[in-house]
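Let's take a walk through a protein model together. Keep the picture in view as you read, and stop wherever you like to look for the residues that are named.

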Amino acid sequence: NKLLCVINEMESGEGYKHASRLKEFATEKTIKQEKKFQDTRTVNNYSQIWYASNDSNPVKIELNDRRFVVFECSRAPLHIEGYFETLSLCLVYEGKG
């Protein structure tokens, strides 16, 4: 079982093609798990799915669909002095005292 599934670089062709299956993963309490050479089994679905894309319409979202939240990010780079240095220190020293 996964708590977070990240689908990076989702393109509209694939998102539209698999729209009903993606909705299922977003809402169903249980899902089918299929592993190679093993029987299919039903497992609890605790996952959150994040889609990342530069495509303007990577997934099919109907007008009143509440399964999705969309964030549009600026294409302009944002420069905050010392941001990445501070972030790097937090990642390196997190939990080390």
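To start, a pocket is an open set of grid points with protein on both sides within 12 Å along at least five of seven lines, and its lining residues have an atom within 4 Å of a point. Remember as you look that this is a predicted model. The protein averages a pLDDT of 80, and 93% of the residues score at least 70. Among the elements, helix α1 (residues 12-17) has the lowest mean pLDDT, 73, while β3 has the highest, 90.

Now for the empty space. Rolling a probe the size of a water molecule over the atoms shows where such space is left. The largest pocket has a volume of about 940 Å³. Which residues lie nearest its centre? They are Tyr51, Pro58, Val69, Val70 and Phe71, out of 27 residues that line the largest pocket. Two elements, α2 and β4 (48-52), each give two or more residues to this lining. Strand β4 gives the most, with five residues. Sorted by class, the lining of the largest pocket holds 15 nonpolar, seven polar and five charged residues.

The second largest pocket has a volume of about 260 Å³. It is lined by 14 residues, and those closest to its centre are Lys2, Cys5, Phe25, Ile31 and Ser47. The elements that give two or more residues to this lining are β1 (4-8), α2, β2 (30-33) and β3 (41-44). Here the classes come to eight nonpolar, five polar and one charged.

By class, the lining of the largest cavity divides into five nonpolar, one polar and two charged residues.

Next, turn to the strands β2 and β3. They run antiparallel and are joined by four bridges. Which residues of β2 are on its covered face, and which on the uncovered one? Ile31 and Gln33 make up the covered face, whereas Thr30 and Lys32 make up the uncovered one. Ile31 is also among the residues closest to the centre of the second largest pocket.

Still in β3, look for Arg41. Is Arg41 buried, partly exposed or exposed? Its relative accessibility is 47%, so Arg41 counts as partly exposed, since that label lies between under 20% for buried and over 50% for exposed. Arg41 and Ile31 are ten residues apart along the chain, and their C-alpha atoms are separated by 8.4 Å.

The loop between β2 and β3 holds Phe37. Phe37 has a positive phi of about 65° although it is not a glycine. Phe37 also counts as exposed, because its relative accessibility is 87%.

For a last stop, find Ser56 in the loop between β4 and α3 (83-93). Ser56 is exposed, with a relative accessible area of 67%. How far is Ser56 from Ile31? The two are 25 residues apart along the chain, and 29 Å separates their C-alpha atoms.

Terms used. Residues are numbered from 1 along each chain as its sequence is written. This is a predicted model: local features need pLDDT of at least 70, side-chain atom pairs count only at pLDDT 80 or more; totals for chains, interfaces and linings use all residues. Side-chain values use heavy atoms; hydrogens and water are left out. On a 1 Å grid over the protein atoms alone, a cavity is a set of points where a 1.4 Å probe fits but cannot get out, and a pocket is an open set with protein on both sides within 12 Å along at least five of seven lines; lining residues have an atom within 4 Å of a point. Grid points are joined across faces, edges and corners, and a volume is the space filled by probe spheres set on the points. Ala, Val, Leu, Ile, Met, Phe, Trp, Tyr, Cys and Pro count as nonpolar, Asp, Glu, Lys and Arg as charged, and the others, Gly among them, as polar. Buried means under 20% relative accessible area, exposed over 50%, partly exposed in between (1.4 Å probe, protein chains only). Two strands pair if DSSP finds at least two bridges between them. pLDDT is the predictor's confidence in each residue, from 0 to 100.
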